[in-house]
Protein chains: 2
Amino acid sequence: MSAAATTLPPLDLLSDVPTPALVVDMAKARANHRRAVASLGPGQRLRPHFKAHKCTALARMQLSEGADTICCQTTWEAVVLAGSGIRDIMVTNQVVDRAALDELAEAAKSAAVSALVDAPVQVAMLEETARRAGVRFGVLVEIDVGMKRCGVSVDSDALLELADAIAASDLLTFAGLQSYDGHNAGIADPARRKPAAMEALAKTRHAAERLRAHGVAVPMVAGCATAHLPFIGEMDAWTDIQAGSYLVMDQLYGAFPDLAYPPALFGLATVIHRSPERIVLDIGLKHIGVDNGHPAWVGETAAPLRFSDEHTTIAVAPESDIAVGDRTFLLPRHIDPTINLHPTLWLIDEDGVTPAPVDGRMGARGGA
Amino acid sequence: MSAAATTLPPLDLLSDVPTPALVVDMAKARANHRRAVASLGPGQRLRPHFKAHKCTALARMQLSEGADTICCQTTWEAVVLAGSGIRDIMVTNQVVDRAALDELAEAAKSAAVSALVDAPVQVAMLEETARRAGVRFGVLVEIDVGMKRCGVSVDSDALLELADAIAASDLLTFAGLQSYDGHNAGIADPARRKPAAMEALAKTRHAAERLRAHGVAVPMVAGCATAHLPFIGEMDAWTDIQAGSYLVMDQLYGAFPDLAYPPALFGLATVIHRSPERIVLDIGLKHIGVDNGHPAWVGETAAPLRFSDEHTTIAVAPESDIAVGDRTFLLPRHIDPTINLHPTLWLIDEDGVTPAPVDGRMGARGGA
């Protein structure tokens with residue numbers, strides 16, 4: 001999906017939105033969500049990943065349209081989700097920091113909350129926190145299926161020992177397995193991505209079978225990403241699909257030929273300078289994440305951008321009539337770190353434009 | 001200044017700080033500030049750039065120690081600075097968006113506020129805003145001294161015409177010139193950086209002389225960056241030195257051999273995973289800016305980091321005793337986009353550790 005093929009929101013609807021801003025085309029986001037849900041196989045449910053947008057208004061839309069569970073990456077996100085009335089929250093991370101454990105307990109006071117472990121000390125920390133706060137936690141064991149980040153080996157004794165240690169606690173419930181083959185999610189070519197994902201699937205299935213042979217039920221096997229959606233029905237070892245980017249998409253995933261999810265997130269900027277040969281926008285790397293490359297301009301040229309802290313400089317033709325005060329769009333390359341920079345998403349719907357706080361970002365966590 | 005040579009804050013002081021976090025060694029920041037002020041030449045004053053840290057607690061320290069004016073990059077920063085009692089604020093940017101113009105007017109109700117122009121339409125916008133809000137603005141003309149971003153040419157008719165248009169308004173005051181040779185600020189080698197800066201200086205002096213020959217007084221000539229501080233006394237065309245990074249520094253500037261300002265900003269993280277061959281930290285590119293490269297680990301190895309949204313993966317030796325729950329530091333490569341990711345800076349002083357809100361970031365601006 002090239003930038004040129006992207007349908008842009010109508011600028012006249014956005015005249016009251018202060019720039020720089022991020023806007024979401026809700027009709028496209030809803031259509032993307034329905035497409036993702038429709039692609040699931042039997043026994044699978046979507047557990048949308050809140051980390052992608054950290055905005056409870058978008059999470060509520062996802063939960064009202066074919067999803068009833070959610071996952072998130074930080075404990076502050078779990079607190080915000082529980083506060084917004086969501087009742088089944090998985091934190092796809094090990095929780096170790098004392099303040100994070102307290103946040104996990106706070107969320108667990110009003111929601112069923114689960115988290116990951118890959119070491120006995122994390123089980124002990126969760127149990128101690130549950131006892132102190134008077135709550136219970138679900139616990140999943142994370143397995144490493146090739147990403148080499150967190151997780152225990154699928155062939156390790158640790159896998160079985162951790163499940164036993166969780167089951168032995170009266171305050172913890174063994175909720176299943178989690179595996180994330182993030183090393184595959186970045187492969188653009190489906191002919192290479194799918195076989196790699198099938199390998200991760202086989203390792204995940206092997207771990208689940210070892211647990212079952214050990215006499216442990218495995219109610220949930222969580223994993224996958226937006227990159228798995230084109231063949232998610234075949235990923236049958238995974239029950240809970242933690243995709244996030246599919247909702248509003250970005251240029252990174254937009255370049256994957258099999259991912260038919262059009263971008264629904266746009267950076268809105270004002271032209272603050274015009275010279276014969278260039279324009280400068282009031283948006284920069286404090287507003288759009290650059291970890292996977294620069295955003296694309298949807299304007300007149302495909303010239304490379306020069307991106308600085310608070311400015312974007314773009315070469316234009318001398319005869320262009322773009323002027324100081326005009327507004328234009330940039331297409332972010334990676335949505336997660338981009339939305340993380342904004343206090344607000346501006347949601348475009350049939351009723352007009354509504355600001356929605358990005359309330360799950362650390363910026364909303366508060367100081368002390 | 002290599003990471004290895006950096007003196008780290010004492011971890012035991014920070015046990016109550018939730019991770020991921022940014023901490024500032026205030027003794028080092030104060031020493032850096034005094035060094036910067038001491039390097040100024042006759043007729044020069046430091047106008048510390050608030051955009052670097054966006055934290056009014058740090059700005060108040062800077063203003064109490066040899067600086068009595070400040071500059072900032074966004075109009076929201078100007079609102080926050082005016083609200084904190086600061087009385088002389090320059091916005092080093094063209095202000096075009098309607099909401100931004102309103103914020104500039106809000107700041108001007110309690111402070112002397114100036115902003116940049118490089119086109120007649122911006123003068124008209126400032127005048128219309130001043131009339132509507134019942135305030136006055138100082139206005140500087142930005143000149144392009146080689147960066148090719150904003151600004152008019154030093155030889156242009158536009159330079160004189162803009163000064164005349166500003167002077168003709170009863171609500172605007174011509175405050176002077178601004179030039180920013182940001183293209184020179186990134187040159188690490190002082191033997192190349194200084195001659196390049198001297199060229200920008202000559203262009204700036206030429207523009208000021210043209211205005212004076214035209215009969216216009218030029219009270220202020222603003223510009224420069226931390227990279228100019230080693231020879232700032234020789235940059236005699238500039239009266240207002242808008243350096244920012246010098247205060248807490250980063251690895252980018254720390255590699256410049258003539259910049260003897262030790263880093264005072266540290267990313268604090270918790271180890272959440274340990275395998276024989278690696279650790280994973282609870283800090284990632286949602287907490288540390290990567291536009292100029294990855295942060296450095298101050299731990300046992302110089303192995304490259306693997307940096308993802310919320311994790312840092314670091315190779316360690318199997319015999320290392322670093323364990324889940326330990327805490328460690330990363331050194332950011334570029335401070336501005338890093339601090340912009342955090343709601344709070346944790347200031348370490350002789351009295352202990354105090355949280356200070358990063359109140360000038362867009363995250364604090366609010367939604368609608």
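Over all chains, the structure holds six aromatic pairs (Phe, Tyr or Trp rings, the six-membered one for Trp, with centres within 6.5 Å; planes under 30 degrees apart are stacked, over 60 edge-to-face, the rest tilted). This is a predicted model, where local features need pLDDT of at least 70, side-chain atom pairs need 80 or more, and totals for chains, interfaces and linings use all residues. Residues are numbered from 1 along each chain as its sequence is written, chains are lettered from A in the order written, and side-chain values use heavy atoms, without hydrogens or water.

**Tyrosine pairs**
- In chain A, the ring centres of Tyr246(A) and Tyr261(A) sit 6.4 Å apart with planes at 70°, so they meet edge-to-face.
- Tyr246(B) is buried at 0%, and Tyr261(B) is buried at 5%.

**Where chain B meets chain A**
- Contact (heavy atoms within 4.5 Å) links 61 residues of chain B with 61 residues of chain A.
- About 4,600 Å² is buried between the two chains (accessible area lost on being put together, 1.4 Å probe, summed over both), with 57% from carbon and sulfur atoms.
- Arg149(B), Lys286(B) and Met362(B) supply 14% of what chain B buries there, more than any other three residues.

**Charges across the interface**
- Eight salt bridges (Lys or Arg side-chain nitrogen within 4 Å of an Asp or Glu carboxyl oxygen) cross between chain B and chain A.
- Asp144(B) and Arg278(A) form a salt bridge, 3.3 Å from N to O.

Notes: Buried < 20%, exposed > 50% of the residue type's maximum accessible area, 1.4 Å probe, protein only.
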